[in-house]
Number of protein chains: 2
Amino acid sequence: MLKTWIPGEAPEKEELKQQLDEARKKLYDLQMKIKEHKLPVLVLFEGWSAAGKGSMIGKVIKNIDPRFFKVATMSAPSEEELRRPFLYRYMCQIPEQGKFTFLDSGWMEQTTQEVLRKELTGEDYEKRIESIRRFERQLTDNGYLVLKFFMQIDKEEQKFRMDKLCSSQDTRWRVSEFDKWQQEHYRKCEKVYDRYLKDTNASTSPWYIIDARDKKWAELQVMDTLVSSIEVALQNQSHSVPILQNIFPLVKMPKLADVELAGKTIDDEEYEKELKKLQSKLSELHNRLYRKRIPVIITYEGWDAAGKGGNIKRITGALDPRGYEVHPIASPEPHEKARHYLWRFWTRLPKDGHIAIFDRTWYGRVMVERLEGFCSENDWKRAYNEMNEFEKELSDWGAVIIKFWVQIDKDTQLARFNDRQNNPEKQWKITDEDWRNREKWDQYEEAVNEMLKKTSTAYAPWHILESVDKKYARIKALKIVIKELEKALK
Amino acid sequence: MLKTWIPGEAPEKEELKQQLDEARKKLYDLQMKIKEHKLPVLVLFEGWSAAGKGSMIGKVIKNIDPRFFKVATMSAPSEEELRRPFLYRYMCQIPEQGKFTFLDSGWMEQTTQEVLRKELTGEDYEKRIESIRRFERQLTDNGYLVLKFFMQIDKEEQKFRMDKLCSSQDTRWRVSEFDKWQQEHYRKCEKVYDRYLKDTNASTSPWYIIDARDKKWAELQVMDTLVSSIEVALQNQSHSVPILQNIFPLVKMPKLADVELAGKTIDDEEYEKELKKLQSKLSELHNRLYRKRIPVIITYEGWDAAGKGGNIKRITGALDPRGYEVHPIASPEPHEKARHYLWRFWTRLPKDGHIAIFDRTWYGRVMVERLEGFCSENDWKRAYNEMNEFEKELSDWGAVIIKFWVQIDKDTQLARFNDRQNNPEKQWKITDEDWRNREKWDQYEEAVNEMLKKTSTAYAPWHILESVDKKYARIKALKIVIKELEKALK
């Protein structure tokens with residue numbers, strides 16, 4: 001793309017000044033529309049060193065109220081960030097609805113640097129591109145406007161600018177070792193950038209190459225693109241987006257009605273014996289996971305009062321508290337609701353070597369959010385694939401993903417609800433909402449069946465825990481966790 | 001303290017088991033009371049390597065629902081954390097109301113390690129102790145229960161445990177280089193720990209030394225202390241705490257009524273000239289600050305429609321967007337409200353070398369929160385000192401703190417309100433709340449006068465910006481910022 005790119009023609013000086021004034025005014029006016037329409041805008045500035053990414057951001061934000069934007073400077077990833085999936089630190093930065101985030105730079109720079117250092121080649125590169133494409137598509141599908149600018153200057157211009165920066169003590173530090181290396185290997189870099197731009201140029205988040213030689217002209221290009229893209233996005237907000245076909249290998253799941261619950265019991269003595277044995281085994285595995293730095297994600301979904309809490313406790317009882325975290329998921333807080341629905345899960349991912357246990361999960365999207373109308377039909381229908389993609393990302397990162405559905409029948413739930421209601425010590429566990437949800441049992445069952453069918457992938461299959469006898473379910477969960485961890489440790 | 005400490009006597013085995021069962025049940029029952037009474041509980045586990053901090057936390061949390069606690073493992077501070085004040089990463093971890101945070105370990109370990117490495121001596125050590133004391137007192141004053149455990153084992157027991165850990169490949173990694181060093185220098189460490197314990201033993205957050213040789217006995221000591229401390233804290237929740245006397249050097253401030261507004265104007269031509277000159281100067285200073293890694297905190301308070309936003313814009317217009325962030329402060333979100341009121345400011349502190357600009361600040365505590373009754377009288381009366389302490393902490397860290405009060409008179413406000421109301425493009429800037437606040441002008445004025453008087457410290461004085469002519473105020477702000485930065489760069 002870079003090589004075939006034809007720079008536009010800059011208007012005359014006066015004309016340019018006038019157009020720039022207009023664009024600035026438009027952007028200023030648009031910020032309130034963005035807020036009203038709850039449009040989140042993510043702007044990436046990529047490009048050559050010394051092409052003026054930083055100062056461009058400085059000019060753009062002059063037209064926006066500080067309440068409505070954030071600038072994030074992404075330097076080399078920290079230790080902590082390196083222990084999480086590649087996209088983690090970018091996902092953490094996405095804006096709330098009605099606001100801008102400007103990234104200097106986005107995920108291109110880190111990726112192309114890894115390519116130039118020969119750390120990312122062949123199939124790994126393909127995988128990375130695939131995951132970036134999915135990431136960008138998920139953002140735009142979920143209503144984000146994603147704008148990608150590549151600031152272009154040629155080799156001579158770059159040399160001229162770097163020499164100038166290096167000539168003063170106050171600015172010398174701005175030229176990094178990599179910048180110098182890039183200047184020396186301009187052609188090589190150009191090839192890598194060109195390929196990346198081509199590989200990630202999507203119609204919903206296209207690249208805009210900016211002729212950055214003249215600063216005012218560059219500003220006009222950026223401002224015009226910003227303004228027109230925002231206008232388009234505001235018009236399209238109510239549009240639905242295609243529901244993609246599943247491309248991930250699925251594992252066949254039974255319907256809930258066909259899950260045999262009778263006879264799934266264990267006697268107390270056997271339970272105590274097994275529990276002790278399995279917990280000690282799990283404890284040992286936890287040590288080994290930590291040393292091998294394998295991340296583990298265990299998720300629980302299930303009927304109210306199915307026994308999720310007690311089940312989780314038997315897992316954590318075997319774990320070193322320094323190496324795991326339980327995330328109880330309630331309804332989202334305002335700052336969470338204002339972002340991509342997976343944001344609050346991305347930001348809770350464990351470090352490698354650690355275990356994260358989610359008590360309720362992202363699958364709320366296709367259960368409660370679907371049934372209560374908290375998202376549109378297009379939203380939840382799209383979510384199956386989005387969650388498969390999310391888990392694929394985690395799986396490719398090296399994570400073990402274990403998903404539990406804790407199953408009971410309607411009568412068992414009623415008995416437990418009544419028990420909670422009548423027992424002062426347990427009353428806090430039961431709310432009106434639980435009773436309301438119970439009335440929608442059949443609708444939930446249908447939604448769960450669809451979820452199990454569409455999201456039980458080979459890399460992140462669902463496991464059903466028959467929990468009329470809670471002890472049976474606990475032992476079964478421990479056995480599954482142990483089996484999956486042993487597989488990963490091989 | 002360690003040397004004079006006399007271990008209690010453990011009960012007989014059967015008795016111990018029974019007491020432990022009781023304590024566990026009590027803790028289980030207390031968790032709901034904690035939630036009901038919105039008590040936040042911060043539990044620190046410090047002590048010797050191999051004394052069993054981690055496994056103790058593991059045992060304690062077995063009695064608590066995962067929704068109500070978090071465990072934070074504080075290893076050596078990361079690069080990012082080292083670029084912030086010492087207490088930053090601990091403040092980030094404090095629990096919400098109604099929840100526990102368990103720290104393994106707290107701020108003792110980092111401090112004593114620095115002492116042992118001879119990085120923290122003499123006056124710096126004294127300063128550190130002072131800031132830790134303040135930190136703990138601020139937490140308890142604001143309703144936190146802070147529990148500090150020191151897990152004690154003697155030299156022989158430690159050797160025995162470490163040898164055992166080292167004998168197996170699966171556990172060898174748990175013994176760090178520092179652990180080995182500590183075993184070799186047990187007496188030296190003991191002296192340092194002893195001094196620290198003495199220096200930070202306050203009646204509101206006392207130390208509990210736990211005899212950790214026998215695990216069950218250690219658990220009982222911890223559980224009993226937890227239970228009884230929680231019970232006391234629940235009884236004391238509505239207690240007020242003493243308002244401390246000011247110990248910081250204050251700068252005399254005029255009353256708002258005595259601030260001369262007339263004649264504080266600038267003509268347009270002069271303004272444009274000055275603005276350009278000052279912004280270019282500031283831009284240059286920003287570079288130097290970055291290189292010298294000096295953190296800068298600029299705060300804005302002032303009447304509604306006083307011109308804070310436009311003033312901030314003239315500062316940021318001169319700055320590289322990669323090196324600053326503007327934090328517009330609105331009313332707190334639920335997760336912010338549930339914590340110490342300074343938490344949301346601590347977590348927004350800049351890295352060293354960066355500038356953070358706060359559009360409204362922690363001083364909301366003594367203005368809107370005071371006048372609207374969002375906190376108790378004891379709370380806001382205590383806050384003057386708490387904010388002086390907070391800013392002292394920042395100043396000791398090396399931060400430049402510049403606090404602006406943007407001043408206009410009541411008529412000017414009315415004119416600007418009307419202008420906003422009548423101008424469709426500006427209507428979003430005015431809300432019913434603004435009109436309501438205006439009605440309380442006199443009460444606000446009194447509160448502001450008290451605030452200026454009590455919180456204008458030598459290290460973080462207030463500056464008044466006369467803003468009937470906004471341009472005058474902008475030039476004045478730029479000049480003050482430049483002057484303060486130049487002072488810091490000397």
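This is a predicted model: local features need pLDDT of at least 70, side-chain atom pairs count only at pLDDT 80 or more; totals for chains, interfaces and linings use all residues.
The interface between the chains brings 42 residues of chain A into contact with 42 residues of chain B. The area buried between chain A and chain B amounts to about 4,300 Å², and carbon and sulfur atoms contribute 56% of this area. On the side of chain A, R291(A), R322(A) and W428(A) supply 16% of the area that the chain buries against chain B, more than any other three residues. Charged pairs also link the chains, with a count of eight salt bridges between chain A and chain B. R322(A) takes part in a salt bridge with D104(B), in which the side chains meet at 3.4 Å, N to O.

Within chain B, attention turns to helix α12(B), residues 268-292, and helix α21(B), residues 470-489. The two helices pack at an angle of about 30 degrees, and their axes lie 9 Å apart. Angles under 35 degrees count as roughly parallel, and α12(B) and α21(B) are therefore roughly parallel to each other. The crossing in which α12(B) passes α21(B) is left-handed.

The residues that α12(B) brings to this contact include Y271(B), L275(B), L278(B), L282(B), L285(B) and L289(B), along with charged residues such as D268(B), E274(B) and R288(B). Those of α21(B) include I475(B), L478(B), V481(B), I482(B), L485(B) and L489(B), as well as K471(B), R474(B) and E486(B). By class, the contact of α12(B) with α21(B) comprises twelve nonpolar, one polar and nine charged residues.

Terms used:
Residues are numbered from 1 along each chain as its sequence is written. Chains are lettered from A and ligands numbered from 1 in the order in which they are written. Side-chain values use heavy atoms; hydrogens and water are left out. Axes are lines fitted to C-alpha atoms, for helices over the stretch in contact, and angles run from 0 to 180 degrees between N-to-C directions. Helices (H or I, at least four residues) and strands (E, at least two) are DSSP runs, numbered from the N terminus. Angles under 35 degrees count as roughly parallel, over 145 as roughly antiparallel, 65 to 115 as roughly perpendicular and the rest as oblique. A crossing is left-handed if the near helix is turned anticlockwise from the far one by less than a right angle, and right-handed if clockwise. Contact means heavy atoms within 4.5 Å. Buried area is the accessible area (1.4 Å probe) that two parts lose on being put together, summed over both. A salt bridge is a side-chain nitrogen of Lys or Arg within 4 Å of a carboxyl oxygen of Asp or Glu.
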